[in-house]
Amino acid sequence: MGCYLIVAVPAYIVRKELSVALPKYASTITQIIMGMNALSGVVVGLSLGGTYKIGLQNFLLIVAISTIWPFYQRLSYFSNIKVEAGVFYLIQNTQVLYSAFFAYFIVDERLNVIEMLAMVLLIASSIIAKSTSVNQKQHFKYIAIAFLVPVMYGFGTTLEKLSIDTITYGSYILIGFSMQFLFSLILKKPNLVEYKSLLNSKFKPKVAVYAVLYSAKGILLTASFATGKASLTNAVASFTGVLILIAAYFFLNEKEHMVKKLIATVIGVIGILIIRL
């Protein structure tokens, strides 16, 4: 999970920058990053012995999962247009609760007392930092969407855990990442004008960087599902939001309420240490 955090923070910062600079390109950028994700899924999946022979039931589960992520990415991109990067990802931290809820009913995961304490600390970290968003009431629509995003995330990642446990990690990323790309194309027909515009714009390198970071993030997060509990993996991943608050201070000039943000960071570190130990 440490490698995931290293990759995820710059990925989210770049997405915030792109969403502000290119607010109408949500679908096109989603298709680009999922195309890169599909390519990495094929390469890594085949190298790990992944196979397309998974059976009809497992294939249908992957199809269901793959319909979630294109919507998730587009809604996240749209919300980032107005919601601060740090605040958005601390709202995202509520996915810890949804992940635990879905994991309990879908994959029968149970948490022990220590694991529950770690989760409570991570949630507390999120609540403290999220209290810094009081000045964003004028963007209610965008914040409302931001609260929908973690529900989709918790449900989607729990289904991913179920799929990986049923088949193999290599087979899942081989098929699943390609299916996600396919559904991003089905969700909205590729806009060739937007693709051409991106190729000729100053944002082309940043889009390429975002695609690579997003792909690496997907590979690392699903790898964590293959080796641990979905609810705890998402609890650690949710701490990304606290790290983004710090990064946003330096790179996005989001400098309000830094005392609360630092307190949230310390509490989150303690929660992660409990999980790791």
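**Exercise 1.** Work out what share of the 277 residues in the protein is buried.

*Solution.* Start with the term: a residue is buried when its relative accessible area is under 20%, exposed when it is over 50%, and partly exposed in between, using a 1.4 Å probe and protein chains only. By this criterion, buried residues make up 53% of the 277 residues. The model is a predicted one, in which local features need pLDDT of at least 70 and side-chain atom pairs count only at pLDDT 80 or more, whereas totals for chains, interfaces and linings use all residues. Residues are numbered from 1 along each chain as its sequence is written, and side-chain values use heavy atoms, with hydrogens and water left out.

**Exercise 2.** Describe the aromatic pair formed by Tyr72 and Tyr153.

*Solution.* Rings of Phe, Tyr and Trp (its six-membered ring) pair if their centres lie within 6.5 Å, and planes under 30 degrees apart count as stacked, over 60 as edge-to-face and the rest as tilted. The whole structure holds 7 aromatic pairs. In the pair of Tyr72 and Tyr153, the centres are 5.7 Å apart with 45° between the planes, hence a tilted arrangement. This pair joins distant parts of the chain, with Tyr72 in helix α3 and Tyr153 in helix α7, 81 residues apart.

Conventions. Helices (H or I, at least four residues) and strands (E, at least two) are DSSP runs, numbered from the N terminus.
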